[in-house]
Amino acid sequence: MYTQALNNLEAVSDIEDAERGAAFQARIDNEEKIEPNDWMPEGYRKTLVRQISQHAHSEIVGMLPEGNWITRAPTLKRKAALLAKVQDEGGHGLYLYSAAETLGASREELNEQLLSGKAKYSSIFNYPTLTWADIGAIGWLVDGAAIMNQIPLCRCSFGPYSRAMIRICKEESFHQRQGYELLLTMCRSSEEQKEMVQDALNRWWWPSLMMFGPSDKDSQHSAQSMAWKIKRFTNDELRQKFVDATVPQAHYLGLTIPDADLKLNEETGHWEYGEIDWSEFARVLKGDGPCNKQRMKARQKAHEDGAWVREAALAYSEKKKSRRGQQAA
Amino acid sequence: MKDLLFAYILRLADDAAILGQRLGEWCGHAPTLEEDIGLANVALDHIGQARALYSYAGEVEGKGRDEDQLCFLRKEREFSNCLLVEQPNGDFAETIARQFFFSAFMLPFWEKMKASKDETLAAIAAKAEKEAAYHLRHSAEWVIRLGDGTEESRERMQDAIELLWPFTGELFEADDTVKVLVAEGVAVDPASIRDEWRETVGKVFGQATLEMPEEGWAQTGGRSGMHTEHFGHLLTEMQYMQRAYPGLKW
């Protein structure tokens, strides 16, 4: 009886969910924005929390490879620009965590997932920044790839994410131009610096292509995300757009893309690129990249070293509250 | 006179550059994301001030040295920043104590500098004053939170204060360079700031339930290029690129 009643309830809620689901999809098809208090399928919520938090974590972990060069920037102007850029990344992390909070995922909980290794972040940040040219390469290639991914997200069906992305994209495109200008300055200054830039391109090119994720035939999440208009283009489409935009920029710098198979298809107008080493991508995602352990250790250390500060801030704010309460009484 | 002015501007530039350099070390490692952004912001203000001051110093000197040559190509004994700003970040309490002591001095300093007969310094001061007001508010709030937070945070904050206190006396020193430029109406007399500084520090410590250390021996030397052992390491890192790849454009 009891079980049966429950079964009935489930059946009713299934029908309700099916109806609500259809209405939800109709709103999406109609290009309406979904807001935090609107009903949404659990899968939609989960997909968004996963994607937004991964994006937020990437911003935070991404502060580390760039932060590595703040104290060694070659000029004061570059130091200021890099500080401002890394500060922007932190700001992006904040908006994105806030967007995830509107879906019921707290920042503490998401941070725990990052520190325990449960949550992923962009695999690109597991590569090291070895020379100053890497700072330019990150701006040009990594932010360039991020923009390709993120511009369509400005039209994402979930309102808070879409609005966060509009602001983030403006800042990212500034970073990308700044990175390119840094490399252009180096390439024009001396042969030695140009070699440094070429070396950076050699190391960052393939990992940047991997940023778009697995090829469409292997992508787990693409189809549903496209239907929900969380995603607007497939991984391979975005990767192609990136290659098409970036190859001429590399040539303008006088650099060679480290891909012997790269060629322009005159008919389609697209640059065709060689096979991506997916075993490297899988390996780095799994945790065996050049800096995975170091990045996690740095985040964990910051969290542990800062624990007493956060506890103090909490204790102080509670004292203040209770004093205010006493005064009021 | 020109030499004195050059030396004076350079001190202010070095203070800002070295503190900015120290704060930049925090990036990505702060106790909260908000603080990561906050400390980067304070660092950025100091780097901005350093750029304006070095550029002006270079102009006054008239030997064609630009902001980067002055920051990245002078040697340890040529730097004339106060010792306080070069002290290592330590834990968050030390960073906050360093900032608080410095900003509690710099806010009234820039306020007075706005009246300088030197128009460029007065203009730099007008901008720097607003920044210093924020730096003071931000660091004072943390001194209070940490002092009146938990037992551990209070102990760390008090330790940081004791550690850095001997470096605060140098802020108020006036050597011949300063005295001549004060008489000319160009420089700020640091002694004139002492009471306000003590009052600010005392008030904040009171709210934070922290003890004000006894006036005692003050360690000095920075203004004449006698630095602490930490300083060479800081320069090694900061100047690495310009030393390894001299004469290139970046």
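**Exercise 1.** Classify Thr209(B) by relative accessibility, then locate this residue and describe its phi.

Solution. Thr209(B) has a relative accessibility of 36% and so counts as partly exposed (buried is under 20% relative accessible area, exposed over 50%, partly exposed in between, with a 1.4 Å probe and protein chains only). The model is predicted: local features need pLDDT of at least 70, side-chain atom pairs count only at pLDDT 80 or more, and totals for chains, interfaces and linings use all residues. Residues are numbered from 1 along each chain as its sequence is written, chains are lettered from A in the order in which they are written, and side-chain values use heavy atoms, without hydrogens and water.

Next, the location: Thr209(B) sits in the loop between helix H9 (194-208) and helix H10 (230-244) of chain B (helices are DSSP runs of H or I, at least four residues, numbered from the N terminus). Last, the phi of Thr209(B) is positive, about 60°, although this residue is not a glycine. Most residues other than glycine have a negative phi.

**Exercise 2.** Determine how the buried residues of helix H8 of chain B are arranged.

Solution. Start with the buried residues of H8(B) (residues 176-183): Thr177(B), Val178(B) and Leu181(B). Seen down the axis, they fall within an arc of 90°, so they line one face of the helix; the arc is that of the directions from the helix axis to the C-beta atoms. On the other side of H8(B), Asp176(B), Lys179(B) and Ala183(B) are exposed. Finally, helix H1 (2-24) of chain B is included in what covers the buried residues (contact means heavy atoms within 4.5 Å).

Terms used. Helix = DSSP H or I, 4+ residues; strand = E, 2+ residues; numbered from the N terminus.
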